[in-house]
Amino acid sequence: MMIKGKARAHANIALIKYWGKRDDELVLPMNSSLSLTLDCFYTETEVIFNDDIEKDYFYLNNNIQDEAATKKVSDFLDLFRNSAGIKSSAMVKSINYVPTAAGLASSASGFAALAAAANVASGLNLDNKDLSIYARQGSGSATRSIYGGLVEWRRGISGKDSYAVPVDDAKWDIGMIVVIVNPKEKLISSREGMKRTVETSPFYTSWVESAEEDLKQIKIAISKRDFEQMGLIAERNSLKMHATMLGAKPPLSYWEPESVLVMQIVRELRKEGIPCYFTMDAGPNVKILCKLSESYKIKERLTQSFHEEKIIITGPGPGVTIL
Ligand code: 2P0
């Protein structure tokens, strides 16, 4: 027996961040979050269940992966194998399409594409809601990559109702500029960083409350297409997330000097009347939320301080596609 499935999923950047789990096993978040799916960054994955191979194999960008990386994929595929009653091992081939040196190897697009491919290969044919529940168990941010545009991940009260819902197709003047400050892999994984923050930061409870309020407010701004409010809420939410990390023991900071430089440029541009807002995740790279129609103007300013190939402009991207 040999059955296969292939899918593409795009990366997403959170405007209201997910930072901390209340259940590590099920990947249940402490707070709901909201993101923008990106056009330029995606992963294509093929899953082949094959009776003739004796164990799982995982190739990423045509390179065979080590035991640890393969185990993550295997454990995730078990969710599908168990539900579908499949006993076969799998061959998994994944390609990350990320502009050169972007340093954005994304677990969001990775697990969303793997989930969508496994969904086809296993014959489970889950709908998007259930697909996001499965993707979540691979990586929290993958929950949101099932859909395109602006997407909310509702924290839910159990494993069965913590999933993503589409909020807005983002087919208006929205863009994102990714500024690559340092493409190297981060020293402290998000998983570890979140755990430390939840367990030791005295600011953590306030962060959760504040993030839920930010989510409410940003959804109002989105429904009114109030770009300025949307950006201001997102920028502040990101800073608050990083503030909880500074309060952790030992403290955690993903910022580098050039990250701060990008923030300063964004603030200057705003003073000049260009609406743009920064957001940062578990790494030193900075993403700028802007109007797509103004992205080239902003890029031009950034090239005074950064190499052109370190500045990537992207529009909103689609949800998962079966290939
Ligand atoms: C987010 N991040 O909302 C937040 C903001 C980073 C900062 O989701 O442990 O790879 O696999 O659930 O999803 C990155 O963490 O973590 C992330 P796991 P994930 O996008």
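1. A word on terms before we start: a residue is called buried under 20% relative accessible area, exposed over 50%, and partly exposed in between, using a 1.4 Å probe and protein chains only. By that rule, aspartate 78 is partly exposed, with a relative accessible area of 29%.

2. Please keep in mind that this is a predicted model, in which local features need pLDDT of at least 70 and side-chain atom pairs count only at pLDDT 80 or more, while totals for chains, interfaces and linings use all residues. Residues are numbered from 1 along each chain as its sequence is written, and side-chain values use heavy atoms, with hydrogens and water left out.

3. On to the charged pairs. Searching the whole structure gives 16 salt bridges, each being a side-chain nitrogen of Lys or Arg within 4 Å of a carboxyl oxygen of Asp or Glu. Aspartate 78 takes part in one of them, with arginine 81, at 3.0 Å from N to O. Both residues sit in helix α1 (residues 67-84), 3 residues apart, or about one turn of the helix; helices here are DSSP runs of H or I with at least four residues, strands are runs of E with at least two, and both are numbered from the N terminus. Arginine 81 is buried, at 7% relative accessibility.

4. The bridge between arginine 270 and glutamate 235 has an N to O distance of 2.7 Å. Arginine 270 belongs to helix α7 (residues 257-271) and glutamate 235 to helix α6 (residues 227-246), so this pair ties together parts 35 residues apart in sequence. Glutamate 235 is buried at 7%, whereas arginine 270 is partly exposed at 25%.

5. Do look at glutamate 44 and arginine 8 as well, whose closest N and O atoms are 2.9 Å apart in a salt bridge. This pair links distant parts of the chain, from strand β4 (residues 33-50) for glutamate 44 to strand β1 (residues 2-16) for arginine 8, 36 residues apart. Glutamate 44 is buried, at 12%, and arginine 8 is partly exposed, at 24%.

6. There is also a salt-bridge network, which links Lys17, Asp281 and Lys287.

7. Finally, the second largest pocket. Its volume is about 220 Å³. Its lining comprises 13 residues, with Lys186, Leu187, Tyr254, Glu256 and Pro284 nearest the centre. A pocket here is an open set of points on a 1 Å grid over the protein atoms alone, where a 1.4 Å probe fits, with protein on both sides within 12 Å along at least five of seven lines; lining residues have an atom within 4 Å of a point. The volume is the space filled by probe spheres set on the points, which are joined across faces, edges and corners.
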